[in-house]
Amino acid sequence: MTLDQIAARGAARSPDRPAIVVPGGAAITYAALDLAATRFAAALAGRGAAPGTRLLLGNSNTIDFFIALFGAARAGLIAVPVDAQLAPAELDNVIRHAAPHAVIVDPRTAHLFGHTSAPRVTVEAVLADAPAAPAAACPVGDDAPALILYTSGTTGTPRGAVYRHAGIARKLDTIRDWFGFGATDRTLCMLPTHFGHGLVSSCLTALHYGGTLVLCRPFDLELLPRVFALADEHAVTTFSTVPTIIRLLLRNQAIAPPRGRLRFLTCASAPLHPEEAAAFEARFGVPLLNCYGLTEAGTWTAMSSPSPDRDRRAVGTAVGCEMRAVRRDEAGTVALAAGEIGELEVRGPSLMIGYDRDPAATAAVLRDGWLATGDLGAVDDRGQVFLAGRSKDLIIRAGANVFPPEIEAVLMRHPQVAEAYVVGLDHAVLGEHVAACVVRKPDSAASPLTERDLIAHCRTALAAYKCPDTIRFVDAVPKTSRGKVSRAALRGLFTATA
């Protein structure tokens, strides 16, 4: 299956079913989406866009984004979604690297690409060039490249992970089958459609099984207090989110639980503490399911079961792929026994082909069919995956390995802690020492939690070498545009206050 067949199948099965609904805005049926993709593909060909060239999508979280995505696939082009909010230099790096035929913009984003050399055009303008009777679509094999997702645009050499049509299709099948999704499901998306979690695991999965996608602006803080009311209004059955949103929901005591058809939420893109999942479920009455993946693996590789007796310490079970923990030394790569902590690797049909135009970077992470994730963790004998942090975030204190998630879990058990993150700081004698950045709960102002209190709390559950040596209390933790905690920025907080 190629990506554009998602729209074609929906049109054949349920032409009048809404494919995408924008709350308070437009909607499009599967028949209209499929027709628009066909016309868009024909217009691209008429503009001289050859199969295999790239089309940059700078109009995330719009119906037109999906018309362009499916139209590009139908014309044999490779879609390159990009975050229009990147700094100008970052956008320049990505555009220079991708060398697209054109950049698709909309009225919100056109000015953000004004400094680039690539032609800018809207979906409306492309469709205006479509012939009255579009020719047959360009035949593309499902092994052809379909999509490039950039993992970073912050350096002079951004890395674009390239995926085949077939690999994405297999991932969509896996997610649909694991969670039992069907055409009666309605998915809310408030994640960016320019990265894998929002695009593949949320939006394309919903359209792949013939459901309806309720599409919102990404990370809309104005929407957050009424997200459950919106879910009830649109009969939403599921949506996916990130830990930051979960924490904001928990901190707002005015938000009422959903009353409608919401079956469960999924949460990924950053670690979610078991205590946070339990607190969310207790308050809102909706299962919150941890998932784990990364851009290079085609998004989710481990997914949690909706079963109430699932192990909330795990980020899920490896599904549709193999996962293992390994150790590397002079002799090579050694697969570790079940439960042992090492670097996690993934093997399966949905891995990226490689980094676009970067064979050296590709060879560094793809070895003998296995993708090195850069994450530390363990896989038990049932295939459950447990994270122990990023390999680059591992703290080595006086020769002893310290895993930040273990300490963060203890910090989060304190009743006055809302968020906690641990980093290693340089130390002249120890090599590194342990530092924690903590957000207090709003109701703790009457009796503020102190550094001494929290370190004493840690010493009741952790060996002395694992306990934080210093703690900084902050009102908010620095996050990236994808909702992930920026460990580099955390270290900068300690440097700034030193």
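How many helices and strands does the chain have? I counted 14 helices and 27 strands, taken as DSSP runs numbered from the N terminus (helices H or I, at least four residues; strands E, at least two).

Ground rules. This is a predicted model, where local features need pLDDT of at least 70 and side-chain atom pairs count only at pLDDT 80 or more, while totals for chains, interfaces and linings use all residues. Residues are numbered from 1 along each chain as its sequence is written, and side-chain values use heavy atoms, with hydrogens and water left out.

Overall form. I compared the radius of gyration, taken over C-alpha atoms, with the globule rule of 2.2 Å times the number of residues to the power 0.38. The chain has 23 Å, which agrees with the value near 23 Å for a compact globule of 498 residues. The C-alpha trace spans about 75 × 55 × 45 Å along its principal axes.

I found 56% of the 498 residues buried, where buried means under 20% relative accessible area, exposed over 50%, and partly exposed in between (1.4 Å probe, protein chains only). I took contact as heavy atoms within 4.5 Å. Of the contacts between residues at least 6 apart in sequence, 67% join residues at least 24 apart.

Cores. A nonpolar core here is a set of buried Ala, Val, Leu, Ile, Met, Phe, Trp, Tyr and Cys residues joined through side-chain atoms within 4.5 Å. The largest one holds 98 residues, and Phe40, Phe66, Leu69, Phe70, Leu204 and Phe280 touch the most other members. Helix α3 (residues 63–74) gives this core its largest share, nine residues. I also noted a second, separate core of 19 residues, with Ile407, Met412, Leu462 and Ile471 among them.

Phe70. Beyond its neighbours within four places in sequence, Phe70 contacts Leu3, Asp4, Ile6, Ala7, Leu33, Ala37, Leu204 and Leu207.

Thr301. I located Thr301 in strand β14 (residues 299–303). Thr301 counts as buried because its relative accessibility is 1%. Outside four places in sequence, its contacts include Lys171, Tyr292, Val319, Cys321 and Val346.

Val485. I located Val485 in the loop between β27 (470–473) and α14 (487–497). Is Val485 buried or exposed? Val485 counts as buried, at 18% relative accessibility. Outside four places in sequence, Val485 contacts Tyr421, Val477, Pro478, Lys479 and Leu490. Ala270 is 215 residues from Val485 in sequence, yet the two lie 7.7 Å apart in space, C-alpha to C-alpha.
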